[in-house]
Every structure is written in structure tokens, then in C-alpha cells.
Amino acid sequence: MTRAGVVPWPEEFVRQYVAKGYWRQRPLGALMWEWADAYGPRVALVDGDRRVTYRELAETADNLAEGMAGTGLKRGDNILVQLPNCWEFIALVLACARLGVAPVLALPPHREHELTYMAELAEVSAVVAPGSWRGFDHQSLAEHVARTRGHGCRVLIVGDTVRPGNVDLRALMTAATGDPAARRHRLDTLAPDASEVLLFLLSGGTTGLPKIIARTHNDYEYNARRSGEVCGYGRDTVYLAVLPVAHNFALASPGVLAALMSGGRAVLMPSPNPEAAFAAVERERATVTSLVPAVARRWLEAAAKDHHDLSSLRVVQVGGSVLSSAEAQSLLGGLGGRLQQVFGMAEGLLNYTRLDDPDHLVLTTQGRPICPDDEILLVDEDDVPVPPGRPGRLLTRGPYTPRGYFAAPEHNARAFTADGWYRTGDVVHRDAAGNVTVEGRTKDLINRGGEKISADEVEDLVRSLPQVADVAVVPAPHRELGESVCACVVLKGGQTLDLADIQRLFHERGVAAFKTPELLMFLPALPQTPVGKIDKKALRKLAEPAVPTRPTPGRARPARVTALPRP
Ligand code: AMP
Ligand code: DBH
């Protein structure tokens with residue numbers, strides 16, 4: 001069964017990836033039972049006081065799968081899932097895998113603006129949400145999103161108060177009666193093909209609204225399995241998930257999925273709060289975790305004053321945005337475990353420094369790809385390969401890098417070459433051994449502490465304000481997050497604007513709060529390049545020191561800069 005909108009790999013690549021054993025042609029739901037048969041009574045997931053064994057996880061996923069089928073969901077359907085880190089999230093992904101239903105993994109901060117768009121794009125048949133989370137009523141939002149999909153779009157709630165008309169997801173997990181072995185057999189007969197979509201990940205780094213990426217059972221299983229091999233995963237692995245598991249990093253790089261594949265366990269934390277995380281490391285004897293640099297910085301500061309025993313940590317992965325070598329240096333021993341740099345993307349390609357790499361590589365590179373058949377090409381702006389050792393725009397193809405975004409043919413024509421190479425938008429250089437160092441990017445986004453924000457999307461929103469004649473959005477340096485969102489605004493005559501106006505607009509439109517500009521700069525006109533494009537490089541320079549100390553004469557410069565107090 002193929003879903004419309006999914007771009008397949010060409011036949012000759014499929015044959016090669018299968019022949020080389022990257023693609024195992026087994027749907028993840030079947031593998032889940034293999035794990036349960038091998039590791040049955042061992043603990044697979046820890047969520048607060050709840051400890052879930054492998055057998056319980058598989059049986060729960062089967063119960064849920066049958067319950068979901070009972071609500072009308074079937075192979076080929078897509079559903080929107082917005083859940084914080086909790087064990088039900090993982091059970092749900094596995095239940096979906098059993099049925100061939102593909103979850104679109106939204107992030108907890110997403111709101112109406114993002115969710116309605118994703119729901120429509122993926123034509124979802126159900127919305128899964130927590131009842132409430134961090135004081136926000138997700139149940140009402142889920143109901144609203146479901147209504148935009150019309151009749152028949154169900155709302156499934158993970159929470160204590162499930163309103164009439166909605167489905168209690170936890171009840172589906174326990175409601176099934178009868179023989180689990182018989183249920184397992186029934187579900188085996190419904191299993192999707194491994195070439196079908198397992199789940200949809202979100203990409204932040206594109207134009208306009210975020211794109212979604214269809215990852216198949218075959219390619220995503222390899223993504224997690226091979227990552228686990230590179231990162232030394234085994235039965236003694238205890239992975240602490242502090243970043244959202246809706247992200248590729250925490251889910252499968254190697255993350256939770258590889259921990260399950262290896263007979264290890266995953267501990268799910270609701271946030272990266274260092275005190276709570278350190279206590280969990282000590283309590284669960286966590287061996288590995290993954291962090292974005294912004295969180296790693298917080299952890300380092302907190303660790304200096306903390307008394308928890310972090311000695312079980314063997315590996316601390318850091319990725320998602322630039323880590324300077326000075327910061328890498330302080331992380332080398334600062335959190336106990338070995339530092340591993342990770343340069344990954346929801347679109348596929350994963351690079352890791354290796355656990356036995358010498359320090360200088362771990363400090364100065366983001367590692368190398370995980371698969372011998374990850375193809376890497378560094379090119380100039382005309383797609384001409386650059387000489388060895390020179391920085392270039394990174395293009396890639398491989399067995400876990402899909403050939404296009406889901407249902408985005410126009411965007412794909414730009415984001416992929418005719419030969420199926422993904423244009424990552426990253427500028428990197430490579431050493432002779434293939435180690436990659438990220439030097440910059442060509443894509444127009446803000447990487448706010450690892451969270452990618454499309455400049456386009458924010459510009460469209462700000463432009464809709466009646467006071468605004470023109471706007472360009474650029475990253476401004478931020479001490480903790482690396483980058484924050486800066487809006488450079490040209491006002492209409494006689495108008496005024498402040499950050500509170502923009503915040504209000506974003507709130508009213510239901511835009512994820514992390515996209516709200518934190519810095520506002522006023523200009524008489526937007527600077528242009530010689531070919532008449534907005535000169536974002538010049539704007540980035542203006543945003544560099546929040547208030548330029550010595551403005552260059554003759555250059556467009558900010559009339560006023562305002563900044564939000566730090567959150
Ligand atoms: P996404 O496409 O939204 O999954 O984001 C992936 C992007 O995050 C990459 O293409 C890079 O731009 C950025 N990224 C991920 N890891 C790193 C890293 N270690 N250093 C610099 N940038 C990174
Ligand atoms: O930034 C990312 O998207 C990312 C970073 C590290 C990622 O997707 C991953 C590892 O898998």
C-alpha cells in the first residue's frame with residue numbers, strides 16, 4: 001500500500017539497501033514482539049514510578065492497536081499525535097506500527113497554527129493529545145483541530161479527565177479482553193509492509209510552514225539500529241530521554257527505539273530540568289542521554305552545584321545546533337560521560353563522533369555518517385563539487401534519507417536535486433577520514449536552542465500586522481540558546497509597534513510560543529543585495545550586538561531596538 005504524497009526511493013536503490021541488509025523488510029510491530037519474546041520480564045520503559053516490562057509494552061500496544069481499530073482507524077490512515085514524553089507515547093507509536101497507521105509527531109508547544117496545518121496536510125483521521133499539559137487545555141485544542149477535519153476525525157486523550165465524545169486512550173490500553181496470543185495473531189495478519197510509512201517527523205528548516213517527513217519502517221528501523229551500534233547500545237543501556245521524544249534525536253538517534261531494540265531501557269523525563277534529570281540519572285543509573293547545546297550548558301552550570309551521582313553516565317550526546325569547541329572542551333569531562341557530538345536531521349543523515357575517537361576529533365568535528373552508503377557531496381552555489389577539504393553545501397542520499405518531503409512537490413523541486421540528493425542547507429567541510437564540521441548554513445531559519453524556526457513563517461505572520469510595511473526575520477546571537485528570533489521591521493508612516501503587539505498576534509493566531517520574536521529592530525528600509533534581494537547577511541550583522549555601538553555611516557541601521565526580558 002502506498003500513501004499518496006510519499007516519494008519512494010528508486011527501485012535500484014531499494015534492491016541495494018535490502019541486499020546490503022540495511023532494510024530488513026520487517027515491520028516495527030513484528031520487531032516489537034521479537035523484543036518481547038527475547039526480553040519479556042525486563043523493564044523496557046520507566047516513566048516516573050511506572051515501570052513497564054517488554055512483555056507488558058507489547059501486550060499494551062496490541063490492546064491499543066485493537067482498540068484503535070475499533071474506533072475505525074485502519075492501515076493507511078494518518079493521525080496527529082501531540083504528547084509530552086510519557087510511556088503511552090511509545091506504546092502508541094508501536095500500536096500504530098502494528099496497524100499501519102502513521103502518527104504525525106507534533107511537539108508539545110505547537111498550537112492551532114501548526115496543528116491545523118499538519119492535520120490538513122496529512123489528512124489525519126484522529127488527533128491524540130494530553131488532557132492538559134503545563135496549564136494548557138490540549139483537549140479543547142485537539143477537539144478544535146479535529147473539527148477542522150470534519151466529521152469522523154476522532155479525539156483520543158491521554159489524561160485523567162476525558163470529555164464525553166472523546167476516546168480515553170488509557171482505557172483502550174486496558175479494555176481488551178481475551179487471549180493476548182490470539183490478539184497478537186490477529187494483528188499479525190493486519191501488519192503493514194515494511195516499505196510503508198512508520199511515522200512522520202517534522203522538519204523546521206524549510207520555507208513557509210514546517211514540512212513533514214515520511215519515514216518508513218525499513219529506513220527508520222535502520223536509523224535506530226545502526227545508531228545503536230555506533231553508540232555502543234546493549235542490554236545494559238539505560239537511555240535518559242529529556243528532549244522531546246517527538247524529535248528524531250531522542251526517538252531514534254539512537255534514543256528510545258534503539259534502547260528497546262537492544263534489550264536496554266528508556267527513562268522518560270517530562271523536561272530537561274537538570275535537577276530532576278540528575279536525580280533520575282542517579283536513581284536509574286542512566287548510561288546515556290542526548291542534549292542540545294543550550295541544555296548541555298544549563299546542565300554544566302547545575303552540575304557544579306549538584307551532589308547527585310552521575311558516574312553511571314558513559315555517553316553524553318550533544319547535537320541539534322552548533323557546539324563551539326570551547327564548549328565541547330568543558331563538556332569533555334564535565335558531566336561524567338564521554339562527549340559525543342551529533343549532527344543529525346529529521347530528513348535522515350546522521351553523523352556521530354565515535355566513542356573511541358581521539359579528543360581532538362570529538363572537540364572539533366560533528367563526526368561522520370553511520371552508513372557506508374550514506375552518500376555525501378559538497379558543492380558550490382552552482383552545484384559544482386568543491387575541491388577536497390574545502391567547505392561546501394552538503395548534499396546527501398542514503399538508505400534512511402527519504403527522497404522528498406511528504407506532499408510538497410514544489411518545495412521538493414528546490415530541496416532535492418533531480419538525482420534525489422537532499423539539499424541539507426548546511427555548509428560543512430570534511431577531513432580526509434570523512435569527519436564533518438558544520439561551518440554555517442544557507443537555509444533561512446533560526447536555530448533557537450535546537451528548535452528550528454522558519455524565517456518565512458515568522459515574516460508572514462508579522463507582515464499581517466497593519467502597522468508593518470515590510471519585515472525580515474533573522475537570528476540574533478543569544479547567550480543561552482545560541483540564536484533567538486529577531487524581527488527587522490519597516491513601519492508604515494506614523495505607526496508604532498512593540499514586542500507586545502507581536503506577542504499578542506502570535507498568541508491570537510495560536511502560534512507555538514518559541515517562534516515569537518524576542519528582539520525587534522526598526523529600519524527605514526530593508527537593505528538589499530545588488531540583485532535586489534533582502535540582504536539578510538547585513539541584517540544579521542545589525543542584529544549581532546543588540547544595539548550596534550558604532551553604526552557604519554550610510555548603512556541602513558536600526559532606529560530602535562527592543563528586547564524581551566529573558567524568559
Ligand atoms: P531538521 O531538519 O529540522 O531536523 O534540523 C536539522 C538541522 O539542524 C541540520 O540540517 C542542521 O542545520 C542543524 N543541526 C543539527 N545538528 C547540528 C550540529 N551538531 N551542529 C550544527 N547544526 C546542527
Ligand atoms: O537537529 C536535528 O534535527 C537532529 C539533531 C541530532 C536530529 O534530527 C537528530 C540528531 O536525529
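Visitor: Which strand gives the most residues to the shell around ligand 1?
Guide: This is a predicted model. Eighteen, written 18, is the number of residues that surround ligand 1, and the closest are Val342, Glu347, Asp426, Lys443 and Lys452. The element that gives the most to this shell, with four residues, is strand 14.

Visitor: How do the residues around ligand 1 divide into nonpolar, polar and charged?
Guide: Among the closest residues are Glu347, Asp426 and Lys443. Glu, Asp and Lys count as charged, whereas Gly counts as polar. For the whole shell around ligand 1, the division is six nonpolar, eight polar and four charged.

Visitor: How far is a polar side-chain atom of Asp426 from an oxygen atom of ligand 1?
Guide: A nitrogen atom of ligand 1 is 3.5 Å from a backbone N or O atom of Ser321. An oxygen atom of ligand 1 is 3.4 Å from a side-chain N or O atom of Lys452. For the polar side-chain atom of Asp426 and an oxygen atom of ligand 1, the distance is 2.5 Å.

Visitor: What percentage of the area that ligand 1 exposes alone does the protein bury?
Guide: The contact from Asp426 is to an oxygen atom of ligand 1. Taken alone, ligand 1 exposes 500 Å². Of that area, the protein buries 93%.

Visitor: Which residue around ligand 2 has a polar side-chain atom 2.7 Å from an oxygen atom of that ligand?
Guide: Ligand 2 is surrounded by Asn248, Phe249, Ser253, Gly320, Val342, Gly344, Met345, Ala346, Leu350 and Lys452. A polar side-chain atom of Lys452 is 2.8 Å from an oxygen atom of ligand 2, and a backbone N or O atom of Ala346 is 3.3 Å from one. The residue with the 2.7 Å distance is Ser253.

Visitor: How much of the accessible area of ligand 2 does the protein cover?
Guide: Among the residues with atoms close enough for a polar contact to ligand 2 is Lys452, at 2.8 Å. On its own, ligand 2 has 280 Å² of accessible area. The part of this that the protein covers is 91%.

Visitor: Which element gives the largest share of the shell around ligand 2?
Guide: The shell divides into five nonpolar residues, four polar and one charged. Two elements give two or more residues to the shell around ligand 2: helix 10 (248-252) and strand 14 (338-345). The largest share, three residues, comes from strand 14.

Visitor: Which residue in strand 15 is the bridge partner of Met345?
Guide: Strand 14 and strand 15 run antiparallel and are joined by four bridges. A hairpin of two residues links these strands. In strand 15, the partner of Met345 is Gly348.

Visitor: How many of the residues of strand 15 are buried?
Guide: Strand 15 (residues 348-352) also runs antiparallel to strand 16 (residues 368-369), with two bridges between them. Strand 15 is mostly covered, and its count of buried residues is five of five.

Visitor: Which are the edge strands of the open sheet of four strands?
Guide: The order of this sheet is 17-18-19-20, with antiparallel pairing. An edge strand pairs on one side only. The two edge strands are strand 17 (375-379) and strand 20 (436-441).

Visitor: Which residue of strand 19 stands opposite Gly392?
Guide: Strand 18 (residues 392-397) and strand 19 (residues 422-430) run antiparallel, joined by four bridges. The residue opposite Gly392 is Val428.

Visitor: Why does Asn63 count as buried?
Guide: Asn63 lies in helix 3 (residues 54-70). A polar side-chain atom of Asn63 is 2.9 Å from the backbone oxygen of Met173. A residue is buried when its relative accessible area is under 20%. Asn63 counts as buried because its relative accessibility is 12%.

Visitor: How far apart in space are Leu172 and Thr60, C-alpha to C-alpha?
Guide: Leu172 lies in helix 7 (residues 169-175) and counts as buried, at 15% relative accessibility. In sequence, Leu172 and Thr60 are 112 residues apart. In space, the C-alpha to C-alpha distance is 8.9 Å.

Terms used. Residues numbered from 1 in each chain as written. Chains lettered and ligands numbered in written order. Predicted model: local features only at pLDDT ≥ 70, side-chain atom pairs only at ≥ 80, totals over all residues. Heavy atoms only, no water. Near = heavy atom within 4 Å. Polar contact = N/O pair within 3.5 Å; in protein donor to acceptor, adjacent residues only side chain to side chain. Areas by Shrake-Rupley, 256 points an atom, 1.4 Å probe, with all protein chains shown as cover. Pairing = 2+ DSSP bridges. Buried < 20%, exposed > 50% of the residue type's maximum accessible area, 1.4 Å probe, protein only.
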